[in-house]
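I opened the model to look up a few local features and kept these notes as I went. The entries follow the order in which I looked.

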Amino acid sequence: MSDEIAPPPGPHGGDGARLAAALGVHLDDVLDLSATVNPFAPDVAALVRAHADAVAHYPDHAVATAALATALRVDPERVVLTNGGAEAIALVAAEYPVGSVDEPDFSLYARHLQRVEADAPRWRSNPHNPTGLLAGEHERAAVWDEAFYPLATGRWTRGDDAIVVGSLTKLFACPGLRAGYVLSPEPSVASRVRARQPEWSVNALACAVLPELLAMEEVVTWASGIAELRSNLVDALSAAGLVAEPSDAPFVLVRKAAGVREHLARAGLLVRDTASFGIVDGIRVAVPSRANLERFADALATWQP
């Protein structure tokens, strides 16, 4: 077996399938902490199985959109349900094609914006990706990416007069289901964004499952649990001589971690390479569940700088 096991990092993490192939193991045997999802999420797969017959019908997003609006405590006319947070970003960028991005930040903003200009309306992840820090109270943006905001704060949204893109994929740990949203300050903005969306963009399984999932949300409890696990994760990293930066998010950034990604890959664990953010030799580590935190700490304990 080659000394180099970890697959070359993709632009967004989530490379678990390629690591499983390199190790010759099942995907479920890989602990992928390169992609950040809620470690306390309910069992989405069980709900998908229960609603499998939805695939025989065209999607109807009305009930799911209403359920999401109820969770957000807003008028449903302000909400656009999307095929993941990625589509939410693409739709908003198509409506507002010139923006500014404070690099480093999530690469999809610059990818979908027609032009990036310093004085244009600001796009900003909140908490910031990859540092994990929440925006200050007086910071402003035209577009907030709140994919991780509920898991960082226990609140659904910051609630100021800006467009929000969000990711139910992160909140409910279902990246394969694809569910996100745009929350606009005015119904007219949502209407224009919705008009750009392909028909039946959100699949029938997602539409069927989301009302039940949203009824299970416990963002206050989840955010509190993640804060505790994040502290334990920082301790595990510190025990191995690695310094995690302060974070409010369900992930932490380690700027100096040369060789750690490859070491962990040999044990079937994957962390995010931060070179795509311009941080060479860094890693971003998602907060794992309690059981997976022990597995991570055990694998990391054998690492030698």
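Helices (H or I, at least four residues) and strands (E, at least two) are DSSP runs, numbered from the N terminus. I note that this is a predicted model, in which local features need pLDDT of at least 70 and side-chain atom pairs count only at pLDDT 80 or more, while totals for chains, interfaces and linings use all residues. Residues are numbered from 1 along each chain as its sequence is written, and side-chain values use heavy atoms, with hydrogens and water left out.

Entry 1, strand β7. I looked up how enclosed β7 (residues 163-167) is, and found that 5 of its 5 residues are buried, so the strand is largely enclosed by the rest of the structure. Ile163, Val165 and Ser167 point one way from β7, Val164 and Gly166 point the other way, and all are buried. For the neighbours I took two strands as paired if DSSP finds at least two bridges between them. On this basis β7 pairs with β6 in the parallel sense over 3 bridges, and I noted Val164 of β7 as the bridge partner of Trp144. With β8 (residues 180-183), β7 pairs in the antiparallel sense over 4 bridges, and here Gly166 has Tyr181 of β8 as its bridge partner.

Entry 2, the loop between β5 and β6. I checked the prolines here and found that the peptide bond from Asn126 to Pro127 is cis, with omega near 5°, Pro127 being placed in the loop between β5 and β6. Pro130 is also in the loop between β5 and β6, and a cis peptide bond joins Asn129 to Pro130, with omega about 25°. Glu137 is found in the loop between β5 (122-125) and β6 (143-145). Is Glu137 buried or exposed? Its relative accessible area is 66%, so I recorded Glu137 as exposed. The C-alpha atoms of Glu137 and Arg158 are separated by 9.4 Å, with the two residues 21 apart along the chain.

Asp15 lies in the segment before α1 (16-23) and is buried, because its relative accessible area is 8%. Its side chain is joined to that of Arg18 by a polar contact of 3.0 Å, where a polar contact is a pair of N or O atoms within 3.5 Å and, within protein, one must be able to donate a hydrogen and the other to accept it, residues adjacent in sequence counting only if both atoms are side-chain atoms. Taking contact as heavy atoms within 4.5 Å, and not counting residues up to four places away in sequence, I found that Asp15 touches several residues, among them Pro7, Asp32, Arg261 and Leu270.

Arg178, in the loop between α7 (168-171) and β8, has a positive phi near 65° although the residue is other than glycine. I recorded Arg178 as partly exposed because its relative accessible area is 27%. Trp200, in the loop between α8 (187-195) and α9 (204-215), is not a glycine and has a positive phi of about 60°. At 48% relative accessibility, Trp200 likewise counts as partly exposed.

Key:
Buried < 20%, exposed > 50% of the residue type's maximum accessible area, 1.4 Å probe, protein only.
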